[in-house]
Every structure is written in C-alpha cells, then in structure tokens.
Amino acid sequence: MAHRQRIPLPGTASGRCALTALLGVLAAGSLGGCRTSSGHPGRPSADVVSTADRRIRVRLDKSIPQFVLRVEGGCLIDNDEGKPLLHPLSELDRSVVAPDPDDPSKLRVGEFRLPGPVVRVLPSEDGTLVYNDRHYRGYLVARREGNGFLVINVVDIESYLRGVLRGELPRYFHSETYRAQAIVSRTYALYQCYVHGRKRTWDVTADTSSQVYRGRDAEASKSNEAVAATAGIVLAWDGPQGRKIFCTYFSSTCGGMNQNVENVKGGQAPGPLRGGVACKYCKASDWYRWDTVRLHKDRITKDVKRFFVNGGYTHAEKLARIEEIRVLTKTPNGRAIRLRLIDKNGFVADMRAEDFRLLIDSGRSIKSTHFDVVTESNFIRFENGRGYGHGIGLCQHGAEGMARDGIRAGQILQHYYPGAALVKAY
Ligand SMILES: [Zn+2]
C-alpha cells in the first residue's frame with residue numbers, strides 16, 4: 001500500500017559533507033556571471049561555497065497561472081518544510097494545481113485544498129513525477145509568487161545532466177563530444193549553484209539562459225553513457241586563490257577562434273577563459289561562415305530603444321533613428337567587442353557588440369559578433385559573418401570535429417580551456 005512505500009527525503013544526498021569540503025576549495029573566489037542574463041559578473045561570497053550539494057534546483061516555469069501534475073506511483077505532499085499536507089498517496093491522478101478560488105493565497109491540487117502557498121511533491125523511489133505531461137526525476141516544489149506559480153524541480157545533478165545533454169547537442173554528435181559536454185555542463189551547473197546558492201530559491205533555468213533541460217523524456221543512451229562515464233568529473237584551474245572551478249561557457253561554433261570572456265561579461269577572466277584558442281575543427285558547421293544579414297535601420301532603432309528603455313537608461317526615449325554603426329574595438333582576429341551607434345541627431349551610444357547582437361531577435365538574426373558592418377541609406381549590413389554564439393570557451397562543433405579526428409574528451413577540453421584540469425569532485 002502507498003503508506004508503506006519508502007519516500008526519499010530531501011537533504012539526504014549521499015556524500016554531501018565530503019563534497020562540500022572538496023568543492024569549497026574548488027569554488028572559492030571563482031569568477032561570477034555565467035550564461036544567465038541576471039547580472040554583472042562578480043565574485044561569489046564565501047558563504048556561497050557552503051551550499052555545495054549534489055542536488056540542483058531547476059526553475060521549470062515562473063508566473064504561470066496553473067499547471068497539471070501527475071505522479072505515477074506513491075508520493076508525499078508537504079509544505080517544503082517537512083510538514084505533511086496530505087496523507088501519503090498511492091498515486092496522484094492527473095490534477096490541476098491552481099490557486100484556491102476561495103483564498104487565492106492558498107492552493108488546490110485537484111480536489112485537495114492545501115493550507116498554504118507552497119507545495120512539495122515527493123514521489124516514492126519507484127514513482128515518477130509528471131509535470132505538464134513531461135516526466136521528471138527528483139521532486140517538485142511549487143509556490144505562489146505574485147499572480148502565478150514558480151515551479152522548481154529539485155534533482156540530483158547527475159540525473160539533471162542526463163536530461164540536459166540532448167538539448168545541448170545534436171543526436172548525431174560523437175560519443176566523445178557528449179562526454180566533453182557532460183563535464184562542461186556539470187561544471188557549469190555546480191558553478192551556478194555556488195553563485196546563486198542562497199540568493200534565490202533556484203539555481204538554473206530549464207532553457208537557454210542556463211542549459212536546456214527537458215527531464216527524463218530527454219534521456220537517451222548516448223547522453224546517459226556520457227554522464228556515467230564522466231560521473232563527478234569537473235573542470236578546475238589553479239588561480240591565485242588555489243584550485244577552483246570556473247564558469248565553463250560554451251557556444252555552438254567559434255568560427256575560427258574563441259574569445260576572452262571579459263569582452264562579453266567584463267570582470268577578470270580565469271585563465272581558461274582568456275580566449276585566443278585557434279579552432280580549425282568547426283568548419284563543418286553550417287555557421288562557420290554565414291550569409292550577409294541586412295536589417296532596416298527602423299527595426300534596429302526600435303530594438304535598441306527597447307533595450308535601453310528596459311535597462312533604465314536616461315534619454316533612451318529621445319533616441320532618433322540610428323543612421324550608422326561602427327565597430328569601435330575588435331579582437332586580433334576581427335571579432336567585434338564594442339560598437340558605436342550614431343542616430344540622425346548625432347547622439348552616440350556605445351555598447352558591447354554581444355549585447356547588440358542579442359537585443360536583435362535574441363541573437364537568431366546576427367549569429368555572432370564576428371562581422372563587418374556596412375551602412376546603406378536605409379539598411380545596415382552585417383557581412384563576412386563567422387560562427388554562432390558568444391564564442392567563449394568550448395566550441396561545440398569544434399569539439400565534434402576533434403572527436404571525429406579521434407581526440408578524447410579530456411584533450412578536447414584542455415584545448416578549448418587552456419590550463420584547465422579535470423578533477424574528480426565526487
Ligand atoms: Zn570552433
């Protein structure tokens with residue numbers, strides 16, 4: 001019966017204390033600011049280190065009015081502090097979780113009324129969580145926030161990675177590329193935990209602003225094998241404050257050379273992210289070179305204005321039509337670092353090239369900042385484009401090229417992150 005099923009309780013991840021001690025050394029003083037959009041790079045404070053854990057909190061959704069939940073097999077439902085809200089269930093039928101119509105600060109799970117704004121659903125060991133028709137490992141926390149719900153999947157990091165790799169790499173990529181990506185994604189995820197640990201109720205999102213995570217449905221034999229073969233292995237480097245992990249940025253196609261993280265995020269780059277690594281391996285990528293992109297000045301102006309207004313810049317509303325864009329600074333191999341935008345009244349706005357790229361169609365139109373700019377009367381052309389993505393750290397298509405040349409994951413990573421070491425963290 002359901003009442004006898006063993007329910008794995010949170011906070012009992014094996015090896016947690018030992019891991020905290022080891023990764024505390026690895027993480028101290030690492031550079032902050034990863035692929036999230038949430039802020040300026042900075043150093044994580046020492047207390048962030050103490051949150052090291054083998055679980056990760058993945059934000060599946062925010063501000064959603066309701067969602068559908070099902071648990072195959074038994075489950076416990078509590079308030080996220082261990083106080084049961086319902087008797088253990090032998091299973092939870094497909095149920096809509098929504099605000100209680102009589103008291104919107106409280107919840108309803110199907111037919112059940114719950115006495116607070118937070119619900120945690122813990123499947124039994126053989127149970128499976130189904131959130132909005134997608135299967136997840138671990139457990140789920142949903143809390144009322146504003147007018148909607150914040151929904152978080154708390155899951156062991158190795159299980160999380162099994163749900164990540166297929167979203168980050170094409171199915172046909174080499175198994176050695178998958179192993180390299182597994183190490184990169186693990187390090188990235190752990191780093192996010194340290195940086196964001198206590199500051200918010202989640203560590204990463206489930207989309208491209210962190211890493212694409214699709215839960216158990218995305219698991220496949222190639223990604224499962226890559227995660228198992230690299231279990232607990234992370235990338236670290238020996239910086240001035242000792243050995244530490246760093247934010248293992250990666251992008252699709254570098255187009256010939258990766259770049260220094262400082263060009264995009266500011267701050268001070270850890271050794272492996274100083275860029276300048278030549279890459280001849282991503283030539284097979286569709287984006288190694290890309291065709292000229294021609295954008296109307298009105299469209300560019302509209303997007304730039306929105307970016308400045310959202311950023312709270314004064315005088316943003318006064319920005320007139322942008323008539324010219326110049327590349328102010330570029331890397332030695334020609335990737336734009338800073339741009340100057342000039343409007344028809346002569347007003348000048350300087351900005352990072354990567355910020356500009358991303359504010360236009362989230363970076364889908366202009367694939368990278370490696371371009372030449374040509375101004376026409378009504379249009380601006382971005383020519384001689386190379387690569388796709390920010391070009392920091394691992395070049396995924398380059399990794400694939402190396403793997404197909406018979407190069408192993410460890411060597412691939414040491415190529416794109418010079419000076420980095422592979423360390424068994426747990
Ligand atoms: Zn490359």
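Let's start with a pair of helices: α5, covering residues 175-196, packs against α6, residues 221-229, with about 55 degrees between them and their axes 8 Å apart. Keep in mind as you look that this is a predicted model. What do we call an angle like that? Angles under 35 degrees count as roughly parallel and 65 to 115 as roughly perpendicular, so α5 and α6 are oblique to each other. If you follow how α5 passes α6, the crossing is right-handed.

Now zoom in on the residues that touch. On the α5 side you'll find Ser175, Tyr178, Arg179 and Ala182, while α6 brings in Lys222, Ser223, Glu225, Ala226, Val227 and Ala229. Sort the residues in this contact of α5 with α6 by class and you get five nonpolar, two polar and three charged ones.

Next, move over to the sheet. It's an open one made of six strands, and if you walk across it you meet them in the order β6-β5-β4-β2-β8-β9, with antiparallel pairing. Which strands stand at the edges? Those are β6 (112-114) and β9 (134-136). Each of them has a single partner strand, so one side of each is left without a neighbour in the sheet. The sheet isn't flat either: from one strand to the next, the twist averages 25 degrees.

To spot the pairing on your screen, look for valine 109, which sits opposite phenylalanine 112 in β6.

Technical notes:
Residues are numbered from 1 along each chain as its sequence is written. This is a predicted model: local features need pLDDT of at least 70, side-chain atom pairs count only at pLDDT 80 or more; totals for chains, interfaces and linings use all residues. Axes are lines fitted to C-alpha atoms, for helices over the stretch in contact, and angles run from 0 to 180 degrees between N-to-C directions. Helices (H or I, at least four residues) and strands (E, at least two) are DSSP runs, numbered from the N terminus. Angles under 35 degrees count as roughly parallel, over 145 as roughly antiparallel, 65 to 115 as roughly perpendicular and the rest as oblique. A crossing is left-handed if the near helix is turned anticlockwise from the far one by less than a right angle, and right-handed if clockwise. Two residues are in contact if their C-beta atoms, placed from the backbone, lie within 7 Å. Ala, Val, Leu, Ile, Met, Phe, Trp, Tyr, Cys and Pro count as nonpolar, Asp, Glu, Lys and Arg as charged, and the others, Gly among them, as polar. Two strands pair if DSSP finds at least two bridges between them.
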